[in-house]
Amino acid sequence: VKYIVDNKNGIGTILLIKDAEIQESSKFDAGTDITFNLQNHTLTTTKRIINKGKLKVINGTITDLEDDVIQNENDLTVENCTFTSHSSYTGIYVQEGVSNVTNLSVKDSTINGGVYGLLASSTENIVVENSNISGSDVGIYLNSESSTLDFKSGTITSSNGICIRVSNSSTTQIASATINTKTHGIYGYCQYANVTIDDADITSTNNEAIRFDTHNTNYNTLIVKDGTYKGADYGIVAQSTHLTMTGGSVETTSTSRDRYAIYGYYYSDLDLSNVTLTANNASGLYINTPAELNNINITAKRDNSYGIYVADYTVNIKGNTNIKTTGANSYGIYMNNGTLTMNNGDIDSNNIGIYMNNSSKVNIYNGSIYAHEYGIYQYHASTVLTIGKTTDELSSENPLIRGKKYGIYKENGTSYFYNGKLGGAIY
């Protein structure tokens, strides 16, 4: 019985005319340019298909019972297909050291890999559009420096691992994607990677929606526009990373005070605008890097939690930024070190609005602070607090600092009051 109408010329179309099973190896040689039309049938294999030419696979299903579905060594296009590999193998595998793979395109398809959905070790340009990719360890692995991934609409899932793993100097663009994982939605232990995310929904049930780990000054760049990002440990971790986020929301579902919606540290910088951070049982934002915050809404509800914890560096708050902590013994902003400048916004804490420790410096030029206990608490002798500017027009209303016990409680340190209004008492 003949299942395949082939083409001996190496150029043109091969047709699958009925469901079939192939137990021997299949190979498309170098120099061929083939469209393999499955015609809505299912091809079951026990050995991988090896592509060394230019191959386009369309309209059907390929299931490999014992191996990868396709080992790709040249340009590959997949459209309107479902690929399923053996549980120990990969949907589409591009091996290392291959120099011919310029373009890999997956459109309107589902790739169900075992360990990896798509493993790209030598691919320059990858486009995935309106498709669903899954792999138990990694959904899409960019295991090649300077590779490019453009993911447009669709889903990526990983039952035990990472949905997208990026590598050194790679470029990744993600738009309108839904990403669900047990560990990391997007992960990079790398340098000089560039990742842009536009309106994605990323959820991790054990770890982080996005995490970058690098301990040097070879920065990665992460740009996030809109979307929702939720992690069971942290929401987003940025290390050695320029993080710019405009719009969207980040949430941690952790129950630890020392977990945060966004955690920025080590050779990074943060630029957040119109972002909502939620920590119903944890803390909002950890900063150990320069940070610009504009129109940010932070809610932390756990007892002893922090709206913002500033370990060091310079933090500027502007726009209509709102920080709210509702738990007992919580802190709107905890300054362990560094310099905070508040140009606008509101802080509302169930305990202390701003706590100043070590050599921290706080400049309050505009906005309001309200706390159930202390508006501002100066603890250490090296702290410096400045309220208002000598160059501003005199105001008895702005900035406004209130505490039910004390507006300012100064245990140690230096304070300058030039402008504004205090409620409660000054100690």
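**Entry 1: Asn363**

I looked up the side chain of Asn363 and found a polar contact with the side chain of Thr341, at 3.4 Å. A polar contact is a pair of N or O atoms within 3.5 Å; within protein, one must be able to donate a hydrogen and the other to accept it, and residues adjacent in sequence count only if both atoms are side-chain atoms. The model is predicted, so local features need pLDDT of at least 70 and side-chain atom pairs count only at pLDDT 80 or more, while totals for chains, interfaces and linings use all residues. Residues are numbered from 1 along each chain as its sequence is written, and side-chain values use heavy atoms, with hydrogens and water left out.

Where does Asn363 sit? I found Asn363 in strand β39, residues 361-364. Strands (E, at least two residues) and helices (H or I, at least four) are DSSP runs, numbered from the N terminus.

Is Asn363 buried or exposed? Asn363 is buried, at a relative accessible area of 16%. Buried means under 20% relative accessible area, exposed over 50%, and partly exposed in between (1.4 Å probe, protein chains only).

I then listed what Asn363 touches, skipping residues up to four places away in sequence: Thr339, Leu340, Thr341, Met342 and Thr386. Contact means heavy atoms within 4.5 Å.

**Entry 2: Ser268**

I moved to Ser268, in the loop between β26 (260-265) and β27 (269-273). Ser268 counts as buried, at 5% relative accessibility. A polar atom of the Ser268 side chain lies 2.8 Å from the backbone nitrogen of Ser240.

**Entry 3: the cores**

I checked the largest nonpolar core, which has 92 residues. Such a core is a set of buried Ala, Val, Leu, Ile, Met, Phe, Trp, Tyr and Cys residues joined through side-chain atoms within 4.5 Å. Ile197, Tyr229 and Ile354 touch the most other members. Beyond four places in sequence, Ile354 touches residues including Ile333, Met335, Val362 and Tyr377. A second, separate core has 16 residues, among them Tyr263 and Tyr409.

**Entry 4: the whole protein**

I counted 0 helices and 46 strands. The C-alpha trace spans about 95 × 35 × 30 Å along its principal axes. Of 427 residues, 52% count as buried. Among contacts between residues at least 6 apart in sequence, 42% join residues at least 24 apart.
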